[in-house]
Amino acid sequence: MIEILVILGFPVAGALVLAAVGHRDQASTVNVVVCLATFLSAVALTVRVISDGPLLVLDRLFFVDPFNVFLVALTAFVGFTTSIFSRPYMRIEREHGRLTHARLRLYHSMFQVFNFTMLLALLTNNMGILWVALEAATLATVLLVSLYRTPASLEAAWKYFILCGVGIAQALFGTILLYFAAEKLLGAGGGALLWTELNAVKGQLEPTVLSLAFVFLLVGYGTKVGLVPLHNWLPDAHAEGPTPVSAVLSGLLLNVALYAVVRCKVLVDGSLQTSFAKGLMMGFGMLSVVVAAFLLSRQKDIKRLFAYSSIEHMGIITFAFGMGGPIASFAGLLHMTVHSLTKSAIFFAVGHAAQKTGTQLMDGIRGLITISPAIGWGLVLGTLAILGMPPFGVFASEFLILTTAMREQPWATPLLLLSLGVAFAAVFSRVQPMAFGETTGKQLPHRPAMIPVFVHLAIVLMLGLWIPPFLADWYRQAAKLIG
Amino acid sequence: MTATPLWAQLINLLAAVVLLLAFAMLAQRRVLTLIDLFAAQGLALASSTAIVAFATGQRHLYWSAGLTLILKVALLPWLLHRLIRKLDVRWDVEGLINIPMTMLIGIVLVVFAFNLALPISQLANTVTRATLGIAMASVMLSFLMMITRRKAIPQVIGFLSMENGLFFAATSATYGMPMVVELGIALDVLVGMLILGVFFFQIREQFDSLDLKHLERLKEEE
């Protein structure tokens with residue numbers, strides 16, 4: 001129990017402290033220290049859950065099982081590495097005059113608030129609190145996306161707020177319906193929204209209500225996952241916000257929103273005993289994969305390019321969870337992990353590349369390897385990893401998803417293969433000239449933090465070659481739960 | 001068929017008022033009147049919640065009625081009024097295109113909402129189940145309002161009124177959500193409103209207007 005309070009306590013304390021001193025030069029260091037502390041307590045929690053099994057504490061308010069514990073560790077880890085990356089990055093941004101001290105304070109404080117909401121959404125057992133946390137995450141990221149206060153960033157933030165606000169309102173309605181169905185069995189009061197309680201009686205929940213609830217929940221949380229056709233906010237928010245924010249949006253927020261969808265799917269499957277939820281998730285997932293893959297080649301802005309790639313990958317994961325079964329769910333969980341690590345690594349490299357060349361337009365970025373081998377190779381390797389080249393982990397998960405699809409959903413295989421091929425051609429042809437050739441860049445005033453990029457890619461590489469037994473074990477247990 | 005008790009009639013009356021106000025907001029051009037309508041909707045909501053609380057003896061509903069009263073009748077309209085004074089957009093009149101058409105779409109939405117709510121309200125065993133369709137209809141009308149508006153403040157009022165509809169749905173289907181969730185939702189709405197307030201100033205600073213037509217530059221093809 002103490003671990004959970006500590007995990008949630010660090011970001012809250014960090015947000016308060018940074019709200020006071022976030023404009024100082026040492027603030028970025030404080031940010032890193034707080035994130036490190038959060039990460040270490042997440043590790044402690046993970047160790048505890050491995051040795052003792054699932055935890056249900058504080059009047060059943062918090063619940064940790066194999067499904068969310070690895071996401072908690074992943075979230076805290078990516079939050080920590082992003083804070084390392086953002087140290088030199090934000091310093092350079094400030095010296096370029098894109099940020100004032102006051103906004104830097106806002107940035108640091110909101111970064112911690114965002115971390116807190118992500119961890120709260122993952123750890124809570126209450127479906128209502130899950131909603132509240134995701135809505136709070138929207139609010140925190142709206143402020144982060146509009147940080148530069150340029151017309152484009154304000155527009156992106158407004159679009160983000162309105163679209164996700166409407167989306168999340170649908171999810172609230174879904175939650176109300178869920179509560180309505182559960183209240184009959186569990187009685188009024190807080191118990192009827194607790195996921196563990198719902199899970200215990202899921203077979204008796206009213207199927208009509210649950211299927212309607214799931215439609216609203218999928219549309220609502222799906223907006224935050226970035227599923228097509230609800231994806232419009234995602235590329236803008238990624239492109240116009242500061243790069244560390246793009247990294248956490250892609251690496252954390254999308255995962256957590258999808259986590260919410262999957263938690264609901266487990267309940268609906270238990271109640272309906274049909275493939276209703278399955279079909280919806282596969283449909284939305286496949287549509288996202290295909291549409292995003294074909295939109296990739298039309299992008300000019302490098303951050304938009306990788307934002308569309310995030311939509312594509314979230315589509316793949318949604319499709320995998322929709323397909324279900326031990327192998328596909330296992331692959332979906334693995335893909336969540338490797339996508340989150342790879343995509344944030346790519347954004348780290350992209351952020352510094354854009355700073356070096358002074359533009360986010362891909363035509364203006366040339367010859368990165370010449371000016372900075374670390375950034376150039378980081379981008380190339382990250383791109384190869386995200387495109388599913390062996391031996392990276394993305395290849396392993398995509399391979400598992402494809403082979404399962406061949407067996408269980410043969411119609412999907414050609415679509416998936418085609419989309420992956422199109423995505424490969426579009427992204428690689430764009431990244432290749434950016435990495436090699438004549439250079440346009442200049443030296444940066446501060447050494448970029450490239451260690452996170454290579455740490456992430458090393459983990460992704462390792463997961464492609466060898467999954468540690470405890471991790472495989474979690475994935476298997478979580479996959480069994482997801483069904 | 002026994003006569004419907006007075007409180008049930010009152011609840012139905014207030015539900016009708018909520019729906020009527022949703023329609024009125026849909027057609028209202030003036031920002032200031034829009035805020036008053038929103039406050040009135042909040043008042044109808046709070047009173048109906050209080051009546052449900054009285055009729056069923058659900059103590060915690062008094063709290064949510066009080067919360068609604070403070071937040072949606074007093075605090076949010078006050079914030080909006082202040083904001084409008086500061087931004088000096090008091091006389092903003094929106095050139096709404098085709099109000100009759102919007103109203104017609106609204107009516108279709110109401111019919112749709114009632115049909116959607118029918119299977120659920122049959123399952124509900126609350127005294128307020130008849131109003132579930134109305135709650136859903138007002139959610140959809142607010143949604144329509146957000147789509148048709150081109151200016152920032154009316155869009156936000158549409159958003160807040162959608163939250164009203166959702167709250168109403170929660171009360172009529174289940175006598176309200178657990179208190180901790182309701183508090184969380186209220187907090188989110190309030191913080192969201194404050195953030196938006198700051199946001200309006202930034203939009204104005206950048207574009208000299210709160211008209212959202214300026215916010216349409218980020219498109220796929222450039």
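Helix α16 of chain A, residues 393–408, has 16 residues and reaches 23 Å from its first C-alpha to its last, close to the 22 Å expected at 1.5 Å a residue, where the expected span is 1.5 Å times one less than the number of residues, and where helices are DSSP runs (H or I, at least four residues; strands are E, at least two) numbered from the N terminus. This is a predicted model, in which local features need pLDDT of at least 70 and side-chain atom pairs count only at pLDDT 80 or more, while totals for chains, interfaces and linings use all residues. Residues are numbered from 1 along each chain as its sequence is written, and chains are lettered from A and ligands numbered from 1 in the order in which they are written.

The buried residues of α16(A) include Val394(A), Glu398(A) and Ile401(A), a residue being buried if 20 or more other C-beta atoms, placed from the backbone, lie within 10 Å of its own, exposed if 12 or fewer, and partly exposed in between. The buried residues of this helix pack against α12, α13, α15, α17 and α18 of chain A, contact requiring C-beta atoms within 7 Å. Just after α12(A), Gly324(A) takes a positive phi of about 70 degrees.

Elsewhere in chain A, the axes of α6(A) and α8(A) come within 7 Å and cross at roughly 155 degrees, axes being lines fitted to C-alpha atoms over the stretch in contact and angles running from 0 to 180 degrees between N-to-C directions. The two helices α6(A) and α8(A) are therefore roughly antiparallel (angles over 145 degrees; under 35 is roughly parallel, 65 to 115 roughly perpendicular and the rest oblique). By class, their contact has 17 nonpolar, five polar and one charged residues, with Ala, Val, Leu, Ile, Met, Phe, Trp, Tyr, Cys and Pro counted as nonpolar, Asp, Glu, Lys and Arg as charged, and the others, Gly among them, as polar.

Between the chains, 38 residues of chain A are in contact with 35 residues of chain B. On the side of chain A that touches chain B, the elements giving two or more residues are α5, α6 and α8 of chain A, and the largest share, 16 residues, comes from α6(A).

Within chain B, helices α1 (residues 6–27) and α5 (residues 132–148) pack at an angle of about 10 degrees with their axes 9 Å apart, which makes α1(B) roughly parallel to α5(B). The residues of this contact divide into twelve nonpolar, two polar and no charged. Ala113(B), in helix α4 of chain B, touches Gly133(B), Met136(B), Ala137(B) and Met140(B), not counting residues up to four places away in sequence, and Ala113(B) is buried, with 22 other C-beta atoms within 10 Å.

A cis peptide bond joins Val228(A) and Pro229(A), with omega about 5 degrees, and Pro229(A) is found in the loop between α8 and α9 of chain A. The bond from Pro390(A) to Pro391(A) is cis, with omega near 5 degrees, and Pro391(A) lies in the loop between α15 and α16 of chain A.

Key. Contact = placed C-beta atoms within 7 Å.
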